[in-house]
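Open the model in your viewer and keep the selection panel at hand.

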Amino acid sequence: MTALRFEQVAGARGGRALFADVSFDLAPGDAALVSGPNGVGKSTLVRIAAGLLAGAAGAVTRVGDVALLTEAHALDPERRLGEALGFWVGNHRALPALDALGLGEMADAPVRILSTGQRRRAAIARILASDASIWLLDEPANGLDTGAVEVVETLIAGHRAAGGIALVATHQPITMIGATSIALGGRP
Ligand SMILES: Nc1ncnc2c1ncn2[C@@H]1O[C@H](COP(=O)(O)OP(=O)(O)OP(=O)(O)O)[C@@H](O)[C@H]1O
């Protein structure tokens, strides 16, 4: 059983209020889409959901392990991609995940030669290969071509179908059927 719940959560950075009164309740199979203009606090909300930042008010309940996608991919640039991912998730999980993201042929290439989109896909492969039931994805579509965005949409749908939860912050269109909309509109 997994869950992610916000009850009247407020977010602030550097002492400045960004949003307030954000409430949602995600159960197995649920998803939420966090949207809003640059700087409104989408990444802040994701970090609060992950437990990396405290909310300025309200309560966060998290049941289950979290896999967090941020700008940083945390893959050793000098290692081969398959090994770098294997370091985190084990080799037996790394290769199938790379295949799912269309990176199977890059498994022996050093991480440092990957393109922007390939690095993003590798970071998503790490999420996919994790055991975590709660996926927190900050701008997963950044740097991805249309085909790769569709792959990510399919992977999120599969994760939900298997009883997982997905919370996605994005300013790009990404399809998640039946997702709760969390529109951050500006100052509270
Ligand atoms: N460590 C920090 N200290 C102070 N202010 C910060 C810090 N990190 C972010 N901020 C500020 O908090 C605000 C919200 O940032 P956040 O990254 O959550 O926005 P966002 O909605 O994800 O933006 P974007 O769409 O550009 O990614 C911004 O004004 C940002 O400058």
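Start with the shell around the ligand: it has two nonpolar residues (Ala, Val, Leu, Ile, Met, Phe, Trp, Tyr, Cys and Pro count as such), two charged ones (Asp, Glu, Lys and Arg) and eight polar ones (the others, Gly among them). This is a predicted model, in which local features need pLDDT of at least 70 and side-chain atom pairs count only at pLDDT 80 or more, while totals for chains, interfaces and linings use all residues. Residues are numbered from 1 along each chain as its sequence is written.

Select R13, G14, L18, G36, N38, G39, V40, G41, K42, S43, T44 and H171 to show the residues surrounding the ligand (C-beta atom, placed from the backbone, within 6 Å of it).

Next, select strand β6, residues 134-138 (a DSSP run of E, at least two residues). Is it enclosed or open? Five of its five residues are buried (20 or more other C-beta atoms within 10 Å of their own, C-beta atoms placed from the backbone), so β6 is largely enclosed by the rest of the structure. I134, L136 and D138 lie on one side, W135 and L137 on the other.

Strand β5 (residues 66-69) pairs with β6 in the parallel sense over four bridges (DSSP must find at least two for a pair); V66 has I134 as its bridge partner. On strand β7 (residues 165-169), which pairs with β6 in parallel over five bridges, L167 is the bridge partner of L136.

Conventions. A residue is buried if 20 or more other C-beta atoms lie within 10 Å of its own, exposed if 12 or fewer, and partly exposed in between; C-beta atoms are placed from the backbone.
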